[in-house]
Amino acid sequence: MKRTSVNVIRVHRSPLDHRKGRLTAGNLTLPCAIGRSGTVRAKREGDGGSPVGRFRLLQAFYRSDHGPRPRTGLKLKPIRPSDGWSDDSLDRRYNTLVPLPCPTSHEKMWREDHLYDVVIDIAWNRGPIRRGRGSAIFLHLARPGFLPTEGCVAVEPRMIRRLLERIGPHTRIEIVG
């Protein structure tokens, strides 16, 4: 059977709770969490908003010790305990994968809370990278109850693999304001 991917994944904010939404990928519709500030048009580091716009999906990362390799048309890389992501706007490596230990502010990709067991890199502020415009905007696993994110989009852990199967190298994500 030939695998097909969707062209666009759309994320719509809930009219009842600006921190929650609905993600649609073809015929798959999922509840999702978005940033604690809802969606924002002028994204800034630390504002808690999910950026409005249409973005490429660059690659996916996964914890190989927490399940099998996901099936997807994206470039896929296992997360290592030494992986971090720079969120220090003064660091020349801002908004990129960095090796740990890292002397500047960063997120750990190898997390104990399972949020990054599977994570997709959304191309927000990636070309060119503008300091202070936000970093580490991902599609990742949701906390129980769909608690808000720091600006990412998050879906149920049991649904992420079904979503990944629908994503190819040309799939875009559109976060609607």
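**Legends to the close-up views**

**View 1. R36 is partly exposed at a relative accessible area of 35%, where partly exposed lies between buried, under 20% relative accessible area, and exposed, over 50% (1.4 Å probe, protein chains only).** The model shown is predicted, so local features need pLDDT of at least 70 and side-chain atom pairs count only at pLDDT 80 or more, whereas totals for chains, interfaces and linings use all residues. Residues are numbered from 1 along each chain as its sequence is written, and side-chain values use heavy atoms, with hydrogens and water left out. R36 is placed in the loop that runs between β3 (28-33) and β4 (39-40); helices (H or I, at least four residues) and strands (E, at least two) are DSSP runs numbered from the N terminus. Apart from neighbours within four places in sequence, the contacts of R36 (heavy atoms within 4.5 Å) are H18, R19, G46, D47, G48, P148, T149 and E150. Between the C-alpha atoms of R36 and S50 there are 8.3 Å in space, for a separation of 14 residues in sequence.

**View 2. T171 is buried, its relative accessibility being 0%.** The residue sits in the loop that links α1 (160-164) to β14 (172-176). When residues up to four places away in sequence are set aside, T171 touches S5, V6, N7, I9, R56, L57 and R166. V11 lies 160 residues from T171 in sequence, while the C-alpha atoms of these two residues are 13 Å apart in space.

**View 3. R63 and D65 are joined by a salt bridge, that is, a side-chain nitrogen of Lys or Arg within 4 Å of a carboxyl oxygen of Asp or Glu.** The closest N and O atoms of the R63 and D65 pair are 2.9 Å apart. Side chains of opposite charge can pair when their charged atoms come close.

**View 4. D113 and R111 form a further salt bridge, with 2.7 Å between the closest N and O atoms.** D113 has a relative accessible area of 37% and is therefore partly exposed.

**View 5. D121 is paired with R126 in a salt bridge whose closest N and O atoms are 2.5 Å apart.** D121 is buried at 1% relative accessibility, and R126 is partly exposed with a relative accessible area of 24%. Elsewhere, salt bridges with shared partners connect R10, R54 and E174 into one network. The search of the whole structure finds twelve salt bridges.

**Setting of the views. The protein contains one helix and 14 strands.** Its radius of gyration, taken over C-alpha atoms, is 15 Å, close to the 16 Å that the globule rule gives for 177 residues, so the protein is as compact as a globular protein of that length; the rule is 2.2 Å times the number of residues to the power 0.38. Along the principal axes, the C-alpha atoms fill a box of roughly 45 × 35 × 30 Å. Of the 177 residues, 50% count as buried, and residues 24 or more positions apart account for 57% of the contacts with a separation of 6 or more.
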